[in-house]
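Please keep the sequence and the model in view while reading.

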Amino acid sequence: MNMLSRRAALKAGILIAGQFLTAPKGLYAAVNTNTSDKGGKSVVVIGAGMSGLAAARRLSSKGYDVIVVEGRDRPGGRIWTDHSLGTPVDLGAAWIHGDSSQNPLMKMAHQYGLSTQATDWEETWLFDIGYGEIEDETYEEILRKSASILEQLYDRQSGAASSRSMADALAPIFKNLSGDPIIKRGIQWWLASTIEAEYASNLDELSFKHWNMDDAYRGDDVVVSGGYSQIVNRLVEGLNIKYGHVVNKISQTLDKVMVTTDQGVIQCDQAVVTLPLGVLQKNKVEFEPGLTDEKITSIGRLGMGTLNKIALRFSKRFWPEDAYVLGLLNSSTENLIEYLPMTPYSGEPVIVGLSHGRHARSLEAVKKEDVVEQALRDLKFMFGSATPTSAVESVVTAWYSDEFSGGSYSSIPPGASFADYRTLAKPLGERIFFAGEATHATYPGTVHGAYLSGERAANEIVGLQTENMGADEAKEDNR
């Protein structure tokens, strides 16, 4: 079967064309402020996710004394490579989107000698809950009609009101779908996979005007062989990271920043805040003085999608060896789980199910064994008696209820815009700076966007110091 790439194809227009550190409790200084060779410049980076690590490495390379504080007992944030199933499985971010040489993640992969493997989205198998495996001819018709719908959406997008959702835009189209019910279910599945799963949100949670208007690197979507944490593990080398330090307050005065954690207080000259949008939305960290009204509004206006994973290990493979995606068509896509076998990457009998939006959030309130049972039922509809009655091992994520993430990645709902990302990126004076995927208006919702935002925040601090040094020199010259 043939399926066109989601992120890469949409951006290119193909569819239309066809061991951990623990610090003692108490008050302590972030750095030795008498270190003359570093000019007494100290920075606390809040969060050891990709943006925090990028900021910390850039600042360290520029001679700053840097401490990274992280609430978890591991680095990576929403990057999490799990090994409990006997093979590396990325339970958070999984892909480098666009293996172009311009992508900073690919540059790091090459620098660290890591190998990557492309996801072949064309190797997709679809099954209908009442019919069975979809034949190639039917599948091609599903693709053709889905591409036509996307073309209609693009044609109407530029004049859309900012309050209009993807659900609003698709409602009349879905209403007029006629003919073979299997093809209709296939179109609904394909659009849910292409639109909703891509942004970890439901159609009514996504802006029609701004959907798919973010940028992307060219090339394939690739996975890092052995897991994404291989990049994270290289980035943490040489950094001073305090794990298990939960930040609850960030205070700014004229000459310093105080970062209060459950392990004590760290004083520094400047801070880089990389808290995910979902954490900021839950107001778990107090800012003093408070955030600007503009920033508070943008935090509330943007959406935080949820993409949860159900990773299942079986005793042996019972699905097609070269399948990259497995989908089950049903009368509704509300409870859709998209299945990605890990066999093409590792050869292991592991399948990862992806749930998104409201369904992903609702599954977090369900017992793990019930979530696994739902996935097993889906697989049984696809492969019948070949499907085992249980998995050997399983892991189920809960990113929405995770106190350090509050979801998976940001998206633009009706009423919001890319300007909100730029607002989140604005510093508070000359001491508190912001980074994270939800502060990058060009590449939001991506790991490379997070990385670039960390470098941007670090460069803002370095540039500010350079400006201040120049101003001081000018004053000396005028004396």
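## Terms and basis

Helices (H or I, at least four residues) and strands (E, at least two) are DSSP runs, numbered from the N terminus.

The model is predicted, and local features need pLDDT of at least 70, side-chain atom pairs count only at pLDDT 80 or more, while totals for chains, interfaces and linings use all residues. Residues are numbered from 1 along each chain as its sequence is written, and side-chain values use heavy atoms, with hydrogens and water left out.

Helix α5 (residues 136-157) has 22 residues and spans 31 Å between its first and last C-alpha, close to the 32 Å expected at 1.5 Å a residue, where the expected span is 1.5 Å times one less than the number of residues. Its buried residues include Thr138, Tyr139, Ile142, Leu143, Leu150 and Tyr154.

Helix α14 (residues 418-425) is largely enclosed by the rest of the structure, because 6 of its 8 residues are buried. Those buried residues are Phe418, Asp420, Tyr421, Thr423, Leu424 and Ala425.

## Strand pairing

Strands of a sheet pair through backbone hydrogen bonds, either parallel or antiparallel; here two strands are taken to pair if DSSP finds at least two bridges between them. An open sheet of 3 strands runs in the order β6-β10-β7 with antiparallel pairing, and its edge strands, β6 (96-97) and β7 (116-118), each pair on one side only. Between β6 and strand β10 (residues 221-224) there are 2 bridges in the antiparallel sense, with Ile96 standing opposite Val222 of β10.

Strand β13 (residues 257-261) pairs with β14 in the antiparallel sense over 5 bridges, and the two form a hairpin with 2 residues between them. Thr261 stands opposite Gly264 in β14, a strand (residues 264-268) that is mostly covered, with 4 of its 5 residues buried.

## Salt bridges

The whole structure contains 14 salt bridges, each defined as a side-chain nitrogen of Lys or Arg within 4 Å of a carboxyl oxygen of Asp or Glu. One of them joins Asp128 and Arg185 at 2.8 Å, N to O. Asp128 lies in strand β8 (residues 124-128) and Arg185 in helix α7 (residues 181-199), so the pair ties together parts that are 57 residues apart in sequence; both residues are buried.

Within helix α5, Arg144 forms a salt bridge with Glu141, with closest N and O atoms 2.8 Å apart, and the two are separated by about one helical turn because they are 3 residues apart. Arg358 and Glu334 also form a salt bridge, with closest N and O atoms 4.0 Å apart. That pair links helix α12, which holds Arg358, to the loop between β19 (325-329) and β20 (337-341), which holds Glu334, 24 residues apart.

Glu364 lies in the loop between α12 (357-363) and α13 (368-383). Which side chain of opposite charge is nearest to this buried residue without a salt bridge? It is Lys282, 7.4 Å away, where Lys and Arg count as positive and Asp and Glu as negative, with His and the chain ends not counted.

The side chain of Glu364 makes polar contacts with the side chains of Asn308 at 2.8 Å and Ser401 at 2.6 Å. A polar contact is a pair of N or O atoms within 3.5 Å; within protein, one must be able to donate a hydrogen and the other to accept it, and residues adjacent in sequence count only if both atoms are side-chain atoms.

Note on methods:
Buried < 20%, exposed > 50% of the residue type's maximum accessible area, 1.4 Å probe, protein only.
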